[in-house]
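Please keep the sequence and the three-dimensional view at hand while reading.

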Amino acid sequence: MRELREVFFVDGVRTPFGKAGPKGQFWRTRADDMAVKAVRELLRRNPAIPPERIGDVVLAATAQVGDQGLTLGRDVALLAGIPHTVPGFAVDRMCAGALTAVTAAAGEIALGAADIALAGGVEHMGHHPMGDDVDFNPRFASERLIDESAAVMGRTAENLHDLFPAITRERADAFALTSQQRASAAWANGVMRETVVPLAVFTDDGWKVAERDEFLRADTSLDGLAALKPAFRAGGRVTAGNSAGLTDGATAAFLAAEETVGELGLAPKLRLVGYAYAGVEPHLMGLGPVPATKSVLDQAGISLDDVDLFELNEPFAVQVLTWCDELGISADDPRLNPYGGAIACGHPLAATGVRLIAQLAYGLRERGGRYGLTALCIGMGMGAAILWENVQ
Ligand SMILES: CC(C)(COP(=O)(O)OP(=O)(O)OC[C@H]1O[C@@H](n2cnc3c(N)ncnc32)[C@H](O)[C@@H]1OP(=O)(O)O)[C@@H](O)C(=O)NCCC(=O)NCCS
């Protein structure tokens with residue numbers, strides 16, 4: 001019987017994240033060029049990996065049109081100067097695009113189809129607003145296959161508040177404040193220097209260097225958050241302050257087989273222990289990471305107590321609080337998003353997964369610990385979780 005190979009996360013980088021729209025730092029930058037920048041920095045930082053040894057380039061985007069539409073893995077690899085002998089493809093699982101790129105690439109490595117893979121994602125939500133050009137099949141409504149609120153992520157977040165009244169606006173705002181405070185501290189302490197790649201961008205004011213996340217607000221206060229109006233429903237609880245903003249950004253990572261790590265003398269950061277995707281009711285999509293987390297822990301035969309660090313996406317504070325309450329983790333647990341999360345840095349849908357993994361690798365090295373979990377929820381009612389072991 002053939003044996004599967006162990007897969008390691010070698011390194012991962014991201015661009016700074018920008019506000020989508022004409023006022024954002026990437027408004028005049030192409031999505032594929034942002035991904036190229038992340039890929040080129042990854043190649044530069046890992047000179048022991050000969051580009052011709054990359055077995056596949058797997059890049060995700062939710063909107064696969066326009067400047068992020070040309071089979072991204074292939075398009076970006078050629079633009080980044082990777083030899084034409086290296087193939088590539090594009091994947092979409094909305095917010096879990098980059099996580100799916102990583103697990104798809106890991107599958108190729110485990111089966112021996114590739115020794116090294118490059119995986120990541122890009123989303124330019126300014127150029128490609130969420131849901132643009134989506135043509136929902138009328139059967140979804142006529143046959144009541146999904147609740148109509150499932151199509152708007154902010155409304156699914158309000159549905160979670162309805163379902164779990166113990167998660168109040170106050171708790172959501174307090175979580176958002178912590179996210180902003182932790183992210184500001186992380187930037188001030190140089191945490192982001194390791195994973196964030198500055199890039200030159202052309203703006204209305206000429207050339208600039210984009211080097212910071214534009215959603216960071218060190219001045220955030222509980223009073224300021226409390227004053228914000230609900231964004232998705234009159235009388236609702238989800239606001240611009242306790243949600244991740246609409247974001248532009250790109251990420252890229254190297255994965256490698258155990259044998260190749262040895263052969264090339266690489267210093268990997270994490271071993272992939274297992275992963276799980278799960279489905280939930282689409283109008284409660286934020287619940288998705290709960291069954292995904294349970295499933296991946298079951299596969300590994302460990303419990304949440306054994307996990308030393310959690311990097312959870314934060315599309316909405318209520319979504320993370322749901323995960324905490326359902327799994328019995330305190331929202332103040334020091335293992336949860338110690339460097340802040342998407343509420344403070346943004347969430348460029350299909351790019352986010354690799355941000356979580358790179359941040360987890362950094363955190364496990366700095367804080368110590370064996371196991372780490374990256375998880376996020378996915379539109380149309382899904383969740384993703386990957387369990388990692390620290391090998392640094
Ligand atoms: C919530 C949402 C609609 C807000 O959009 P927006 O109104 O364009 O957001 P803005 O950045 O302009 O912020 C709105 C206001 O809140 C204020 N604000 C935002 N964060 C704040 C904070 N931490 N403290 C104080 N004020 C804050 C802004 O300054 C702005 O104030 P202004 O109107 O006086 O200028 C948008 O971010 C969104 O759709 N987020 C969810 C994205 C999503 O669904 N992703 C997928 C998840 S699965």
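This is a predicted model: local features need pLDDT of at least 70, side-chain atom pairs count only at pLDDT 80 or more; totals for chains, interfaces and linings use all residues.

## Helix H10 and its surroundings

Directly after helix H10 comes Gly 328, which has a positive phi near 75°. Residues are numbered from 1 along each chain as its sequence is written.

H10 is mostly covered, with 8 of its 11 residues buried. A residue is buried if 20 or more other C-beta atoms lie within 10 Å of its own, exposed if 12 or fewer, and partly exposed in between, with C-beta atoms placed from the backbone. The buried residues of H10 are Ala 317, Val 318, Gln 319, Val 320, Leu 321, Thr 322, Trp 323 and Cys 324. Their cover includes H5, helix H6 (169-188), H9, strand E10 (307-312), H11 and strand E11 (371-378).

## The packing of H9 and H10

Helix H9 (residues 289-300) packs against helix H10 (residues 317-327) at an angle of about 45°, and their axes are 9 Å apart. Axes are lines fitted to C-alpha atoms, for helices over the stretch in contact, and angles run from 0 to 180 degrees between N-to-C directions. H9 and H10 are therefore oblique to each other. Angles under 35 degrees count as roughly parallel, over 145 as roughly antiparallel, 65 to 115 as roughly perpendicular and the rest as oblique. The crossing of H9 past H10 is right-handed; a crossing is right-handed if the near helix is turned clockwise from the far one by less than a right angle, and left-handed if anticlockwise.

From H9, the residues Pro 289, Val 290 and Thr 293 meet Trp 323, Glu 326 and Leu 327 of H10. Sorted by class, this contact of H9 with H10 has 4 nonpolar, 1 polar and 1 charged residues. Ala, Val, Leu, Ile, Met, Phe, Trp, Tyr, Cys and Pro count as nonpolar, Asp, Glu, Lys and Arg as charged, and the others, Gly among them, as polar.

Val 290, which lies in helix H9, is buried because 21 other C-beta atoms are within 10 Å. Leaving aside neighbours within four places in sequence, Val 290 is in contact with Trp 323, Glu 326, Leu 327 and Gly 383. Two residues are in contact if their C-beta atoms, placed from the backbone, lie within 7 Å.

## The residues around the ligand

The ligand is surrounded by 19 residues, the closest being Met 153, Thr 220, Gly 224, Ala 240 and Pro 315. A residue is near a molecule if its C-beta atom, placed from the backbone, lies within 6 Å of it. Helix H5 (153-163) and helix H7 (222-226) each contribute at least two residues to the shell around the ligand. By class, the shell consists of 9 nonpolar, 9 polar and 1 charged residues.

## Helix H2 and its neighbours

In helix H2 (residues 72-79), the buried residues are Leu 72, Gly 73, Asp 75, Val 76 and Ala 77. They pack against helix H1 (31-45), strand E3 (54-60), strand E4 (88-91) and strand E5 (116-124). H1 and H2 pack at an angle of about 65°, with axes 9 Å apart, and their crossing is right-handed. H1 takes part through Asp 32, Ala 35, Val 36 and Val 39, and H2 through Leu 72, Asp 75, Val 76 and Leu 79. The contact of H1 with H2 has 6 nonpolar, no polar and 2 charged residues.

Just after H2, Gly 81 has a positive phi of about 85°. In the loop between E3 and H2 lies Thr 71, whose phi is near 40°, a positive value in a residue other than glycine. Thr 71 counts as partly exposed because it has 15 C-beta neighbours inside 10 Å.

## A buried glycine in a loop

Gly 346 is placed in the loop between helix H11 (342-345) and helix H12 (352-367). Gly 346 counts as buried because it has 29 C-beta neighbours inside 10 Å.

Definitions and conventions:
Helices (H or I, at least four residues) and strands (E, at least two) are DSSP runs, numbered from the N terminus.
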